[in-house]
Amino acid sequence: ATYSALVLVGMHAMMGTPDGVLNHTQSSRNENRYWYNGVESGEIAQGAAIAGHFNVPTILVTGDEAACREARKFLGSECVTVATKRGLARESAELYPFEEVRKALYEGAKRSVAAIPKCKPYRLQLPIKAKKQWLSFDAQNPKGKLMTKEGEIPDMLHILSF
């Protein structure tokens, strides 16, 4: 609660995002997917929600275009986003020129600090109705078996242990 804001640098879009470079949520091997109160959410929403628990807004998200699009979806237009590349597929991207990215990151950081009063903490309604899907691997399922877990998360401090 003593922080003014959260900055998320070098983020990836959630698992399953077609143009998200290295898209994943928590684990790319297990292909984890999470839904909170019926809304599929990735690491950007998870981090912002934990910060929101402490009344801390997320003011800046950097990553590929898909991660920036996801950040605007969850955090609104006041949260500054800086795209550093454009995803072509999960493992390929068009990188933007270094000098342009460096300047955009610098300018984005300045704009985001100025936006602190306008950014609202991201919060989820409690208790959280949660769902998780992932691939479980063993000798009988070397390609992975799709598993699903559903339940309630009582507060934000337990969101990552679900």
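**Entry 1: ground rules and overall dimensions**

I take buried to mean under 20% relative accessible area, exposed over 50%, and partly exposed in between, with a 1.4 Å probe and protein chains only. On that basis 41% of the 162 residues of the protein count as buried. The model is predicted, so to speak of a local feature I need pLDDT of at least 70, and side-chain atom pairs count only at pLDDT 80 or more, while totals for chains, interfaces and linings use all residues. Residues are numbered from 1 along each chain as its sequence is written, and side-chain values use heavy atoms, with hydrogens and water left out.

I looked up the accessible surface, which comes to about 9,100 Å² (Shrake-Rupley method, 1.4 Å probe; for residues, only the protein chains shown count as cover). Carbon and sulfur atoms hold 54% of that surface. The C-alpha trace spans about 50 × 35 × 20 Å along its principal axes.

**Entry 2: elements**

I count helices (H or I, at least four residues) and strands (E, at least two) as DSSP runs, numbered from the N terminus. The protein has three helices and eight strands. Their order from the N terminus is β-β-β-α-β-α-β-β-α-β-β. The radius of gyration is 17 Å, close to the 15 Å of the globule rule for 162 residues, so the protein is as compact as a globular protein of that length. That radius is taken over C-alpha atoms, and the rule is 2.2 Å times the number of residues to the power 0.38.

I then checked contacts, meaning heavy atoms within 4.5 Å. Of the contacts with a separation of 6 or more, 59% are between residues 24 or more positions apart.

I call two strands paired if DSSP finds at least two bridges between them. Four strands form an open sheet in the order β3-β2-β7-β8, with antiparallel pairing. β3 and β8 (141-153) are at the edges with a single partner strand each, so one side of each has no neighbour in the sheet. The twist averages 25° from one strand to the next. For angles I use axes that are lines fitted to C-alpha atoms, for helices over the stretch in contact, and values run from 0 to 180 degrees between N-to-C directions.

β2 is joined to β7 by four bridges, and R33 stands opposite Q133 in β7. Three bridges join β2 to β3 (residues 39-41). In β3, Y34 has S41 as its bridge partner, and Y36 has V39. Two residues lie between the strands of this hairpin, where N37 takes a positive phi near 50°.

**Entry 3: the mixed sheet**

An open sheet of four strands has the order β1-β4-β5-β6, with mixed pairing. β1 and β6 (92-95) stand at the edges, each with a single partner strand, so one side of each lacks a neighbour in the sheet. Five bridges join β4 to β5, and these two strands run parallel. L60 stands opposite V80 in β5. α2 packs on the sheet, touching β1, β4 and β5, and its direction makes about 155° with that of β4. Helix α3 (residues 98-114) also packs on the sheet, touching β4 and β5, at about 140° to the direction of β5.

**Entry 4: cores**

I define a nonpolar core as a set of buried Ala, Val, Leu, Ile, Met, Phe, Trp, Tyr and Cys residues joined through side-chain atoms within 4.5 Å. The largest has 23 residues, and Y36, I44, V61, L75, Y122, L124 and I128 have the most contacts inside it. β1 (6-11), β2 (33-36), α1 (43-53), α2 (65-75) and β7 (128-138) each supply at least two of its residues. A second, separate core of six residues includes I59, L60, V80 and V82.

Beyond four places in sequence, V61 touches residues including L8, M11, I44, A71 and L75. The buried residues of α2 are A66, A67, C68, E70, A71, F74 and L75. They pack against β1, β3, α1, β4 (58-64) and β5 (80-89). Just after α2, G76 takes a positive phi of about 90°.

**Entry 5: two single residues**

T58 is in strand β4 and counts as buried at 4% relative accessibility. Leaving aside residues up to four places away, T58 touches L6, L8, A48, L75, C79 and C119.

M14 is in the loop between β1 and β2 and counts as buried at 8% relative accessibility. Among its contacts beyond four places in sequence are E40, S41, E70 and F74.
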